[in-house]
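Colleague: I am new to this structure and would be grateful for a close look at a single part of it. Please begin with the sequence and the model.

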Amino acid sequence: MEFGLVLTWLALYLVVLFIGFIVTRAALPGLADEGAGIALPAALAIIWLVTYLVGHFSLPIGLWAGVTTLAIVAIVARIRRDEQVALYPFLEAAAVFSAAFLFLIAVRAVDPAVHPGGGEKFLDFGLLKSLLRGSTLPPEDFWFAGEPVQYYYGGHLLASILARLTGTAGRYAYNLALAGFYAMVVTATYGLAKNVAVDREFPGRLAGGLGAFFVGFASNL
């Protein structure tokens, strides 16, 4: 694994997390963490949706339209809730995300290859590469040249968006995106468990930590 790319992707994830936090704190002001746990997937969902819609005409234009839309939504959210941003919920979510992201990077670094067993990894990697080569949606079916793919590709599209934003080759983006998806699940679980606990007057961090452990770590053991 290229350490520079790991840091680049982690930095991108955290920047988008912060922008998403500006949005969620305006949309979900009653939560203990102000939506920090779901801020990253919420922000990426905005970019993804616009990219998907516009991408049927042009993927590059769709990507930058998605980024612009997220920026506009964040500006509107900041105006709507104009008091000073409390950074602690963001920093807490960022710490959880970073730990989970780096953990799975370490796991994938032991054996980062795309193996043929079952064919699923070949499918995922092929779709990612097809999306990175293409300029419009849907991507070309890499097993049936000249025809559009007849398969869902939403997660693969998101991985290709992140790869395009960072200028990362598909062979590296595969594992970096996978680690990011995993870290988003762990972070969202932490935030959900914390909010449920605080609402019932239990220790929020303890509940969040236990939730993240049982979903992101113990479940795999």
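Which helix gives the most to the lining of the largest pocket, and with how many residues?

Modeller: Helix 7 gives the most to that lining, with four residues. The model is a predicted one, in which local features need pLDDT of at least 70 and side-chain atom pairs count only at pLDDT 80 or more, while totals for chains, interfaces and linings use all residues. Residues are numbered from 1 along each chain as its sequence is written, and side-chain values use heavy atoms, with hydrogens and water left out.

The pocket holds about 210 Å³ of space. A pocket here is an open set of points on a 1 Å grid over the protein atoms alone, with protein on both sides within 12 Å along at least five of seven lines; a cavity is a set where a 1.4 Å probe fits but cannot get out, and lining residues have an atom within 4 Å of a point. Grid points are joined across faces, edges and corners, and a volume is the space filled by probe spheres set on the points.

The lining of the largest pocket consists of Arg 108, Lys 121, Asp 124, Leu 128, Gly 155, His 156, Ala 159, Tyr 174, Ala 177, Leu 178 and Phe 181. Helices are DSSP runs (H or I, at least four residues), numbered from the N terminus. By class, the pocket lining has six nonpolar, two polar and three charged residues. Ala, Val, Leu, Ile, Met, Phe, Trp, Tyr, Cys and Pro count as nonpolar, Asp, Glu, Lys and Arg as charged, and the others, Gly among them, as polar.

Helix 6 also packs against another helix. Helix 3 (residues 59-80) and helix 6 (residues 154-166) meet at an angle of about 85°, and their axes are 11 Å apart. Axes are lines fitted to C-alpha atoms over the stretch in contact, and angles run from 0 to 180 degrees between N-to-C directions. The two helices are therefore roughly perpendicular, a term for angles of 65 to 115 degrees. In this contact (heavy atoms within 4.5 Å), Leu 59, Pro 60, Leu 63, Trp 64 and Val 67 of helix 3 face Leu 157, Ile 161, Arg 164 and Leu 165 of helix 6. Eight of the residues in the contact of helix 3 with helix 6 are nonpolar, none is polar and one is charged.

The structure contains two cavities of 30 Å³ or more, and the largest cavity has a volume of about 50 Å³. Its lining is formed by Asp 33, Ala 36, Gly 37, Pro 89, Glu 92, Ala 93, Tyr 190, Gly 191 and Lys 194. Helix 4 (87-110) and helix 7 (170-199) are the elements that give two or more residues to that lining. Four residues lining the largest cavity are nonpolar, two are polar and three are charged.

The second largest cavity has a volume of about 30 Å³. Among the residues that line the second largest cavity are Leu 17, Phe 97, Met 184 and Thr 187. Helix 2 (39-55), helix 4 and helix 7 each supply at least two residues there. The lining of the second largest cavity comprises six nonpolar, two polar and no charged residues.

Note on methods: Angles under 35 degrees count as roughly parallel, over 145 as roughly antiparallel, 65 to 115 as roughly perpendicular and the rest as oblique.
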